[in-house]
Amino acid sequence: MTTTLPDETMLLLDDTARLRAAAEFVREHDSAALLPLLLPGLDGPDLRALAGHCRFAHAGLLLFPPDADGLRAQLAACGLAVDTPSHPSVVVRERLARRHRRDPAELDVRILRPHVHGCAGERRAVEVFALTVPPHSGLERIAAYERTRRHEAHLAFEIEHSDPLALRGLCAILVRHGARPDGGGYNPHEDGTVLYFTTPADPACGYRRLELYVRGDHRAALAAHLDHSDEHHRPRYPHYPHHPHGTALQPAETLLHLLTGAWTTQALAAFARLRLPDAMDTRTAHRTEDLARLTATHPRSLATLLRYLAMLGAVAQDHEEDGFRLTELGALLRSETPGSMRALALMYGGPFYRSFGDLDHAVRTGQPAFDRLFGENHFDHFARDPELAALFDRSMAASSRMFEPLPDHPVITAAARKPASESVSAPESVSATVVDIAGGNGELLGRILTAHPRLHGVLLERPHAVEAARRLLDAAGCGARCDYRAGDFADVPPGGDVYVLSRVLHDWDDDRCREILRHCARAMPAHADLLVVERLLPADGFPSLATAWDLHMLCNVGGRERRADHYARLLADAGLQLVGHSPLPLDAHVLHARRAAVPDPTARRS
């Protein structure tokens, strides 16, 4: 006698098979191998940036158990922990409700992450969304549709450092390689922000959706992401920011959150000025009274500030310990630590903050608000105040992570391999010379010289910056391979092999940029290369740090950010040709230019 399994049992077996396949997939793959499968053509600096910041965390899928016992049976059949804790899934519940036009209250969606180990022992998980579908509940049609379409199947990558700037930069890289924003949200039960993307084509790994997960409530990045998601065809404010209970905020509440952005800037700046990050620990919570005593602050007022900073993710409140501990994000505001962004917080919460109060003047007149407020441009103002000048140089160095891929740029590596006899100006013991024009405190040049011991460096800067650069490069062990020139753009030294202009041109209008580029072109031998590091305005209007910095340049400097084709025209006007450009972290790009070929007037025309 043949026994026919009921439909429910067949579906349960199908869900179990999908769960087992997902667990095996997680065990066998890693970030560096997976990302090119999801985004064909991803390689070079973009792949290194994503793989370096994003850890493959889990594969996700949606299951439809009839009850809690059915889910535990599926987990047990796949060798996964049946006692894995679960939490409500706000994001997936709302997505299902929108797709199927159901009341979210009708959908019981739980999220759980049973652990599995990667091939090298890494701790990963299978993310299970479980929509309970009791027999004859009327939800069977939803389950059948979702099993076929696999909307919630995805691969997740966790961003290991919750830096808002890095998050935006990583999102921009994904979009450049064809990934499309496709929803997301903030889960208050886990205090985590989720950004979903769809991949550009059917990938080799079988997954069409990609998730970035970052701890904390990243309101600005999520708002920009949702604004460009095409999953909804929806009103402009679908569900961001989120209410603490996971419901949507209305436009007025959204605007109120945006209007308090100035409070965020000043809270972080005060956090840095009071040196609270230096007094706190990332592992152990400190009582407010103890922190107040260490930092000479008012205990109740300090508690108010720390609660606000906890909402931003800079600190975490420990209710059991009745105190606060520092998060990885907040640790970036420590002083004298590698990668510190403290100086940036002090600049954006200091002179640049004050000038933004006159932004309407800059918009009306086209003249920097900084000049009106302080009576002179920011370069002259900082030059007259050594402490402020040093703070500005440190704030520029605070974004140095954008330089990480530059030592591996083909132009730099080719120069490092060049025989010493081919170089015009390098000493015999080195291969070629890199000239860093307006190189600040030498952070970028130091990275290049450290990575390539046979390269020689020349740094051109203002006198006070030259001394700071000399100290930094000496400390890095490459000062003996560097010459220092105090001067202006008209003093660009001739005979180099590679010239670098990093975050210089955006300070100036087009006429001054042409003048700077002509000084470079005159100094460059025929074989030399020019590398220009800038943020590029996106051609498609997609959210970018360059758009924010464009407003900053208008208000404080009088310069501007530009698109790649705009830089190509400026280079051409100076007798240079744009060869190409490639992305860097933090929404930056490196543009490669060479001297344009000059037609031979004696050549016979055909």
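**Notebook: sheets, cores and salt bridges**

I began with strand β10, which 2 bridges join to strand β12 (residues 323-326), the two running antiparallel. I take strands as DSSP runs of E with at least two residues and helices as runs of H or I with at least four residues, numbered from the N terminus. Two strands count as paired if DSSP finds at least two bridges between them.

The model is predicted, so I note its limits: local features need pLDDT of at least 70, side-chain atom pairs count only at pLDDT 80 or more, and totals for chains, interfaces and linings use all residues. Residues are numbered from 1 along each chain as its sequence is written, and side-chain values use heavy atoms, with hydrogens and water left out.

**Entry 1: the sheet with β10**

The open sheet here has 3 strands in the order β10-β12-β11, with antiparallel pairing. Its edge strands are β10 (286-287) and β11 (315-318), each pairing on one side only. I then checked helix α13 (residues 299-312), which lies across β11 and β12 and runs at about 110° to β11. Contact here means heavy atoms within 4.5 Å. Axes are lines fitted to C-alpha atoms, for helices over the stretch in contact, and angles run from 0 to 180 degrees between N-to-C directions.

**Entry 2: the sheet with β18**

I found an open sheet of 7 strands with mixed pairing, in the order β15-β14-β13-β16-β17-β19-β18. β15 and β18 (576-583) are at the edges with a single partner strand each, so one side of each has no neighbour in the sheet. The average twist from one strand to the next is 20°. I traced β18 to its antiparallel partner β19 (residues 588-595), joined by 7 bridges. In that pair, P583 stands opposite H589 in β19. Helix α26 (residues 564-573) lies across β17 (529-535), β18 and β19, at about 150° to β18.

**Entry 3: nonpolar cores**

I used this rule: a nonpolar core is a set of buried Ala, Val, Leu, Ile, Met, Phe, Trp, Tyr and Cys residues joined through side-chain atoms within 4.5 Å. Buried means under 20% relative accessible area, exposed over 50%, and partly exposed in between (1.4 Å probe, protein chains only). The largest core has 49 residues, and those touching the most other members are L19, V126, L155, F157, F197, Y207 and L212. Helix α7 (residues 164-176) gives the most to this core, with 6 residues. Leaving out residues up to four places away in sequence, I list among the contacts of L19 the residues L61, L63, V126 and V128. Another core lies apart from this one, with 36 residues including F403 and L531.

**Entry 4: salt bridges**

I counted as a salt bridge a side-chain nitrogen of Lys or Arg within 4 Å of a carboxyl oxygen of Asp or Glu. The structure holds 35 of them. One joins E146 to R99, with the closest N and O atoms 3.1 Å apart. E146 is in helix α6 (residues 140-149) and R99 in helix α5 (residues 90-100), so the pair ties together parts 47 residues apart in sequence. E146 is buried at 4% relative accessible area, whereas R99 is partly exposed at 26%.

I also looked up E122 and R124, whose side chains meet in a salt bridge (3.5 Å, N to O). E122 is partly exposed at 30%, and R124 is buried at 5%.
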